[in-house]
Amino acid sequence: MAHSILVLNGPNLNLLGTREPEVYGTDTLDDIVAELTTFAEANGAELRAVQSNNEGELIDALHDARNWAAGVVFNPGAFTHTSIALRDAIASIELPVVETHLSNVHAREEFRHHSYVSGVCLGVVAGFGKHSYRVALEGLLSHLG
Ligand code: CA2
């Protein structure tokens with residue numbers, strides 16, 4: 001049976017491809033999701049992608065994932081470094097979540113070095129640009145078997 005996976009993206013990631021290409025690349029979020037969908041289909045998985053700039057909506061999407069998803073690839077954007085509420089949501093849903101970042105947050109400003117969510121995630125992928133999403137999905141699918 002195909003695994004259903006939520007690909008969840010947080011604040012400002014809807015602007016990908018428009019600014020700061022040296023940090024985040026030139027692909028739009030739609031480009032990344034389209035490429036990831038092709039990879040997922042080739043590997044027996046189906047994706048649903050959600051992006052929100054709103055912390056509460058991200059929490060709602062995680063809660064809703066309990067009803068249909070086998071796991072989550074999640075780039076929480078800057079909420080990574082601020083949100084205990086997202087950490088609690090991830091811990092409460094009891095689904096494997098892979099924290100995913102385009103940039104290597106540890107090679108950037110000090111305030112990006114700490115993540116509130118890493119400790120409740122299955123794994124963390126950072127620094128491979130758009131490829132971080134594929135690596136995260138690959139790891140998640142291997143875990144799910
Ligand atoms: O590297 C990542 O994926 C981040 O999650 C991206 C967040 C940042 O706050 C995290 O520390 C690391 C920011 C996303 C902002 O996206 C932009 C897109 C286009 C133009 C400017 C920012």
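Modeller: The questions below concern this predicted model.

Biologist: Which side chain has an N or O atom 2.7 Å from an oxygen atom of the ligand?

Modeller: The residues closest to the ligand include Asn 75, His 81 and His 101. Asn 75 places a polar side-chain atom 2.8 Å from a ligand oxygen. The side chain with an N or O atom at 2.7 Å belongs to His 81.

Biologist: How much of the ligand does the protein bury?

Modeller: A backbone N or O atom of Ala 78 also lies 3.4 Å from an oxygen atom of the ligand. Taken alone, the ligand exposes 510 Å². Of that area, the protein buries 95%.

Biologist: How many residues of the shell around the ligand are charged?

Modeller: The ligand is surrounded by 16 residues, and the space it takes is the largest pocket. The shell has seven nonpolar and six polar residues, and its charged residues number three.

Biologist: Which residue lies over the face of Trp 68?

Modeller: The structure holds zero aromatic pairs. Trp 68 does have a residue over its face, at 3.8 Å from the ring centre, and that residue is Arg 48.

Notes. Residues numbered from 1 in each chain as written. Predicted model: local features only at pLDDT ≥ 70, side-chain atom pairs only at ≥ 80, totals over all residues. Heavy atoms only, no water. Near = heavy atom within 4 Å. Polar contact = N/O pair within 3.5 Å; in protein donor to acceptor, adjacent residues only side chain to side chain. Areas by Shrake-Rupley, 256 points an atom, 1.4 Å probe, with all protein chains shown as cover. 1 Å grid on protein atoms, 1.4 Å probe; cavity = no way out; pocket = protein on both sides within 12 Å on 5 of 7 lines; lining within 4 Å. Sits in = over half its atoms within 2 Å of the grid points. Nonpolar A, V, L, I, M, F, W, Y, C, P; charged D, E, K, R; others polar. Phe/Tyr/Trp six-rings, centres within 6.5 Å; stacked < 30°, edge-to-face > 60°. Lys NZ or Arg CZ within 6 Å of the ring centre and 35° of its normal.
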